Number of protein chains: 2
Amino acid sequence: MASKEAEVITDIAAMRNWSRSSKYQQQSPTPKTLALVPTMGFLHAGHLSLVRRARSLADLVAVSIYVNPGQFSPTEDLSTYPSDLAGDLRKLADAGGVDAVFCPRNLYDYGGGGGKVRRVDGGGEERGAVSCVEGEHETWIRVEGLEKGLCGRSRPVFFRGVATVVAKLFNIVEPDFALFGKKDYQQWRVICRMVRDLNFSVEIIGSEIVREVDGLAMSSRNVHLSPEEREKALSINKSLSKAKFAAENGQETCQRMKLLIIQSITEAGGRIDYAEIVEQETLKPVEVITSPVVICVAAWFGNVRLIDNMEINI
Amino acid sequence: MASKEAEVITDIAAMRNWSRSSKYQQQSPTPKTLALVPTMGFLHAGHLSLVRRARSLADLVAVSIYVNPGQFSPTEDLSTYPSDLAGDLRKLADAGGVDAVFCPRNLYDYGGGGGKVRRVDGGGEERGAVSCVEGEHETWIRVEGLEKGLCGRSRPVFFRGVATVVAKLFNIVEPDFALFGKKDYQQWRVICRMVRDLNFSVEIIGSEIVREVDGLAMSSRNVHLSPEEREKALSINKSLSKAKFAAENGQETCQRMKLLIIQSITEAGGRIDYAEIVEQETLKPVEVITSPVVICVAAWFGNVRLIDNMEINI
């Protein structure tokens, strides 16, 4: 696989045909397995670690690159989300290659003149759950419990948008495995729950967070940080590490750990969206740590919203 | 196929295995096609017409029989919904046979002690959108426009329940075609929209209403009608036929047609839930018929809620 050029596919039917014909080949007695790495592009080492993991799991690897308007509200950063398809293809080739790259133009255009995408930022009106998809599309998947807390509070259309586009990708690409980074912890749990509840025949793999040398969790949005903001943003990882250490040594209450995280990030110049300690499966807040939990943080540095988390397995 | 016994499958993994191994066979150059007829059992001639249509479309036919608690509210008739699996299997065999019958026990039990089904009727509390599925399941598919009108007004959990269970069945059975009766017109349109919006690779076929000799639309619920109620219920078909005739001859306004239907059913002793004239694709009410519409009716006779409709293609 390493030396082969990835097939770049933009058409939905062509993608499904590629998947079926690659998996089911006349000469082979059993179908090949296919792993999908869904991304929004602007790939970094975190994505590439998912790709390597995918190669170890399945015979075939497909990466999708699609900035999904369905998960952005009109006031969010869809219009400035970074992209670089040529760079992404080069990075994938350098990392050993994949079999197919699916980069559809618009997954919400059904040919009826709808499927327009709103690229308003800063000025969109608030009318409840509105995403940047307008027009004909009207089907949304809601994972009603898990979608509500953490990022769901400040981003009310986010998880329905993620669940819906992932379902679309599963139905188009028909993978046996799909890989998600645990940096987007709630997203990973939402997808696991959707797969279970809708009986998708896809095994979901959550992969560990990949960090820069100084501890900053890798994110396509990091490119928007000024050098000063980037320095300040290290407070997220530092405060999470301290809280994790304290928790593992039973030194602090949850309430106090959250306060220390908030204090530390705020003092560094960040603006906290939330800092929560929640059960790993249900994402329900806990007061006392008696089972595996995860500390989740979202904070703004300048115009950039960053998220990070650490699991505590005690 | 006619002489062969259908394979009766209750297990989800076994169903998917059957589908894949039947479709993809080593000796055949192209995969076989599979048509699914999703039903809630207690089969009648309407279902059997779907099965015959399925056989004409695909190499393999599967029928699912599952009374879906997700589409019933606690105040509805889940506990009295008729069922007769042995009779259904006999009817399918007599009608020429199918390849597989999928009759799962509980599609909402994920092994975590949840997935309980509430079989309350008459006394369930109202707390918004609550179905008879309790416990772990939390993912629902909403077709946000089409689910709202007509039956959606008096049955707020119905279409999310239907869309969700049909998605589950598609993911388990992996059919190439799925057949739905147009008696459940709004359901058919909701499924078509979901399939388009979520990119399911399933072609949806809507099949014409099958009626008793006297015009009553076939329904598993007809068995609950007393002879008197059954006689009165003929007013639905009669008033729809009259309205259709009037519309095709341009004799009446929509407003007046609806009034005549309501009057006729009410005089016969029925209790109207709704009578509407709507666009066929969008199900939006129309005042004047300038494109294909459908007249939809729901009415109670005793404790039985019946629905019926007629398309007007002018």
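Leu36(B) stands opposite Ala178(B), a residue of strand S6(B). This is a predicted model, in which local features need pLDDT of at least 70, side-chain atom pairs count only at pLDDT 80 or more, and totals for chains, interfaces and linings use all residues; side-chain values use heavy atoms, leaving out hydrogens and water. Residues are numbered from 1 along each chain as its sequence is written, while chains are lettered from A and ligands numbered from 1 in the order in which they are written.

Let's stay with S6(B), residues 177-181. Strands (E, at least two residues) and helices (H or I, at least four) are DSSP runs, numbered from the N terminus. Strand S2(B), residues 34-39, pairs with S6(B) in the parallel sense over 2 bridges; pairing requires that DSSP finds at least two bridges between the strands. S6(B) is also joined to S7(B), residues 203-207, by 5 bridges, and these two run parallel as well. Here Leu179(B) has Ile205(B) in S7(B) as its bridge partner. From S6(B) the chain passes through helix H6(B), residues 185-197, to S7(B), making a right-handed β-α-β crossover (with the strands pointing away from the viewer, the path from the first strand over the helix to the second runs clockwise). S6(B) is mostly covered, with 4 of its 5 residues buried (under 20% relative accessible area, 1.4 Å probe, protein chains only).

Now for the pair of chains.

Terms used: Buried means under 20% relative accessible area, exposed over 50%, partly exposed in between (1.4 Å probe, protein chains only).
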